[in-house]
Amino acid sequence: EEWPWPVRIYALGKFEIIKEDRPVVFSGKVQQKPLALLKVLIALGGKDVPEEQLTDILWPDADGDLAHKSFEIALHRLRLLAGNDKAIRLKEGLLSLDPAHCWLDVWAFERACEEAKTASRSTLIEKAMKLYGGHFLAHDSDKSGAASKRDRLRNKFRSLITNHCEHLEAAGEWNKAVQVLHQGLEIDTVAEQFYQH
């Protein structure tokens with residue numbers, strides 16, 4: 001995260017675009033469709049998402065040509081917002097965030113969770129917990145396709161906390177386990193398994 005990425009995008013706990021280490025501030029009327037395009041792209045994985053799938057979600061009532069034109073306009077405006085054409089690439093009808101030019105907290109969190117599974121080191125688990133600043137696009141409706149991604153990421157977070165606590169409990173580190181559970185509850189106040197532990 002500390003690397004000087006041209007573009008950093010946060011979707012866990014908050015939605016924010018950082019370009020050249022400065023938050024993108026929307027003056028005047030916020031451009032909803034470019035941001036909606038970005039959110040749907042992230043919700044669908046952020047890599048190799050077919051244009052047709054995006055247009056079906058964002059412009060369900062538009063015919064093929066109108067949907068394509070609307071997509072092109074929204075993509076152009078999104079690239080302007082990001083300030084980096086390389087960060088968002090369209091190749092052969094597939095839209096992607098380019099990981100060489102764009103950092104995404106969702107990807108970093110998922111990578112940290114995978115590394116923590118195999119290494120099971122506290123530092124990796126703490127890193128993953130820090131990256132999970134809150135639920136994925138918490139203030140967005142399901143129109144962006146965020147609900148299923150939100151549930152998957154929330155479940156990963158809950159599993160991470162629960163497994164780490166079980167490891168700490170087995171090692172007799174009760175106080176540390178309680179601290180971890182409290183940290184988890186600060187982010188996910190309705191996680192029943194945290195209360196049970």
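Modeller: A residue counts as buried under 20% relative accessible area, as exposed over 50%, and as partly exposed in between, with a 1.4 Å probe and protein chains only. In this protein, buried residues make up 44% of the 197 residues. This is a predicted model, in which local features need pLDDT of at least 70, side-chain atom pairs count only at pLDDT 80 or more, and totals for chains, interfaces and linings use all residues. Residues are numbered from 1 along each chain as its sequence is written, and side-chain values use heavy atoms, with hydrogens and water left out.

Biologist: How many helices and strands does the protein have?

Modeller: Helices (H or I, at least four residues) and strands (E, at least two) are DSSP runs, numbered from the N terminus. The protein has 8 helices and 7 strands. Its C-alpha atoms fill a box of roughly 60 × 35 × 35 Å along the principal axes.

Biologist: At what angle do the axes of α2 and α3 cross?

Modeller: Two packed helices are described by the angle between their axes and the distance between the axes. Axes are lines fitted to C-alpha atoms, for helices over the stretch in contact, and angles run from 0 to 180 degrees between N-to-C directions. Here the axes of α2 (residues 51–58) and α3 (residues 64–82) cross at roughly 95° and come within 10 Å. That makes α2 roughly perpendicular to α3, a label for angles of 65 to 115 degrees; under 35 is roughly parallel, over 145 roughly antiparallel, and the rest oblique.

Biologist: Which residues meet there?

Modeller: Contact means heavy atoms within 4.5 Å. From α2 come Glu51, Leu54 and Thr55, which meet Ala67, His68 and Phe71 of α3.

Biologist: Is Glu51 buried or exposed?

Modeller: Glu51, in helix α2, is buried, with a relative accessible area of 14%. Leaving out residues up to four places away in sequence, Glu51 touches His68, Phe71 and Gly93. Glu51 and Glu72 lie 21 residues apart in sequence and 9.7 Å apart in space, C-alpha to C-alpha.

Biologist: Which helix gives the largest share of the lining of the second largest pocket?

Modeller: On a 1 Å grid over the protein atoms alone, a pocket is an open set of points with protein on both sides within 12 Å along at least five of seven lines, and lining residues have an atom within 4 Å of a point. For the second largest pocket, the largest share of the lining, 6 residues, comes from α6. Both α4 (105–119) and α6 (146–170) supply at least two lining residues each.
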